[in-house]
Amino acid sequence: MSQIIFLLITIGVAFLALKQYRRVLSNIRLGKKYEAKIEPSVGWKNVFLIAFGQKKMFKRWIPAVLHLGIYTAFLLTQIELIEILIDGIFGTHRAMHHVLGGMYSGIIGTIEFLSLFALVATIAFLVRRNIIKVDRLAKPELNGWPKLDANLILLGEMLLVTGIFMMNGADRVLQNIDPEHFAKITSMPISSWFGPMMFGDMGHDALVSIERFGWWLHVLVVYAFILYLPYSKHLHIFFAFPNVYFHDPSPRGKIENMPEIMNEVKSMLGMEVAVSENTEIADFGAKDITDLTWKNILDSYTCTECGRCTAVCPANITGKKLSPRKVMMSIRDRAEEIGTNLRSNDIKFAQGQNGEETTALTIDNYSDGKSLFDYISKEEIHACTTCNACVEACPVMINPLEPILQLRRYEILSESAGPPDWVPMFTSLENSGCVWQIPEERTAWTHQ
Amino acid sequence: MAEVSANGGKIEVLFWVGCAGSFDARAQKVSAAMAKLLDIAGISYAILGNEEMCTGDPARRAGNEFVFQMLALQNINTLNQYEIKTIVTACPHCFNTLKNEYPDLGGSYHVMHHTQYLNELLSSGKLKIEGGAFKGKKLTYHDSCYLGRINGEYQAPRDLIEALDGDLVELKRSKSNGLCCGAGGAQMFKEDEPGKKRINTERAEDILESQAHIVGANCPFCITMLTDGLQAKGSQDEVMVLDISEMILQSVNHKVHG
């Protein structure tokens, strides 16, 4: 009976998860083509060192060590999860014990140690977030859902560990009472102490119930996580890997060229233009997430809102409104909004071309009267010094600078707007090739 | 450069002066120091003079690609016409744009920041440090974003400062964690957005905390920002802001190299 229930739940979760992850992927695909040339050797090296190896986390070693504990516990518990799936479907008990033999004890022992460490780390993270209120974890952009999201994840992790220790602890006591059904596992460093202490004087049936409760608790929380992740900042546990792989390897100081404008300026200056495909582009830069690349949107879904970028942003440090983390969060929120509206197929979002009636909602005729500027204000993007501190700080290679520059391009090139102070600079650059309007000769300094 | 070219002369390097180096009173002194060092090292060099334009860095970062392309394409035209191979510049913004952004537009050169080039001259013995200009002085160094974090050059300027006889103390935020002076991304040319304080004040506090007598910089805009920041703290007399080339010039053996 319980095998059937387990199988039904598992199939249901798989079906729902597939739907949710496809939703996220289709939101990412709302972005434009991403032109970066990815070298597979560099990409995999990054995946190994930065995503798998967490190299960039160690700029701040306290959270890095705590995070590493939870992360390794998570990785190793996947082995136990495979066993849970096998046991759940076939009604076996600790199926891998027979297969792996002595190694099994070693794995369970390590999992127990790591789980305990993960529990300590989780509590430390809750304390840092809610009691100490570490500056970057208490910024205004986290108010409301993001803060709740972070705490829910941490509480979920505590439930996972609780499940493991209930299961193992009760199992340990049963190993002594009922060795026929509960085979001896030599190494259970935590449960061999915790089990007898908590459940030592309980009867056989009560112990079996607790063991089962722990088992179900663990597996159901895992399933809940799988379904919850596509709505959460915690999605980084999967997306960090592709995001790091697809990192643009070109020099950090290079801002993407705009060949359309280059060719136009070339012909203006009477230079030879290689091939003019005469592609008509109405707008330059980005006013919405559909003008950004899919990598920018992947960046936004990979963001786990740790705020290392914001903590080192010179604008944010000095009290300006700009927060690179908030820029990434806004991109994700806007992608969610457009994605949801598109999937609703509601014709009210379809804007007819030349006043014609439209019958189908597509990404090309989509309009909700909003743009990314409703999420990210001009004041924010004007405060950026392009210092790349945010780019350097991100442990999962997110680039908040790129969308900021795309928004600036839209404002300047398509809207002919921007900070009024820049107008004299542009004028002077156009007229005299110098950032300042200066009457002197360029060689004046040589005569001093 | 036009003169050199007309006389059929060849140069080892082109000294890219930049807008600040050409027009900003403080940065002009850095250009002069750099020129003097090149003379002492016996390097044949030229400047573009009035044929040089802004590289376009502030325009591109402000979002104005049209203006950037106009400037960049004209500069590349000039550089290619003179068949320039090696460029040295005392501005990390010029350095970054020339090095990383011009290749896409058809301008590929060997570009060096002046701290990298001076370091080479020192290693090859073309420049020799002598004299105790900085004896007993605490020196610190401010990483500019465009040389440091963006182009990964943390060592060359430090090697130069360490070649002097002062003591180098690091700022609490340095190298890849260095704090911006506040000028980049065309902020130099506009008022700050509303906030609690100016970025250069924040950076000046780092400098004061190091208790250094002199802060070495590698960027004309950093020099302006740091000087203003220290002034805002009323500490302009306690700490001097110098370009690294100026520090080297104060300690170098002035005998002109063969």
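Which helix of chain B gives the most to the lining of the largest cavity? Helix 2 of chain B does, with four residues. This is a predicted model, where local features need pLDDT of at least 70 and side-chain atom pairs count only at pLDDT 80 or more, while totals for chains, interfaces and linings use all residues. Residues are numbered from 1 along each chain as its sequence is written, chains are lettered from A and ligands numbered from 1 in the order in which they are written, and side-chain values use heavy atoms, with hydrogens and water left out.

Of its 21 lining residues, B:Asp57, B:Pro58, B:Cys91, B:His93 and B:Phe221 are the closest to its centre. Helix 2 (18-23), helix 4 (57-62), helix 6 (92-101) and helix 10 (220-232) of chain B each bring at least two residues to that lining. Helices here are DSSP runs (H or I, at least four residues), as are strands (E, at least two), numbered from the N terminus.

Still in chain B, helix 11 (residues 244-251) is mostly covered, with seven of its eight residues buried (under 20% relative accessible area, 1.4 Å probe, protein chains only). Among the buried ones are B:Ile244, B:Met247 and B:Leu249. The cover includes helix 3 (25-40), helix 8 (155-163) and strand 8 (240-243) of chain B, going by contact, meaning heavy atoms within 4.5 Å.

Notes:
Buried < 20%, exposed > 50% of the residue type's maximum accessible area, 1.4 Å probe, protein only. 1 Å grid on protein atoms, 1.4 Å probe; cavity = no way out; pocket = protein on both sides within 12 Å on 5 of 7 lines; lining within 4 Å.
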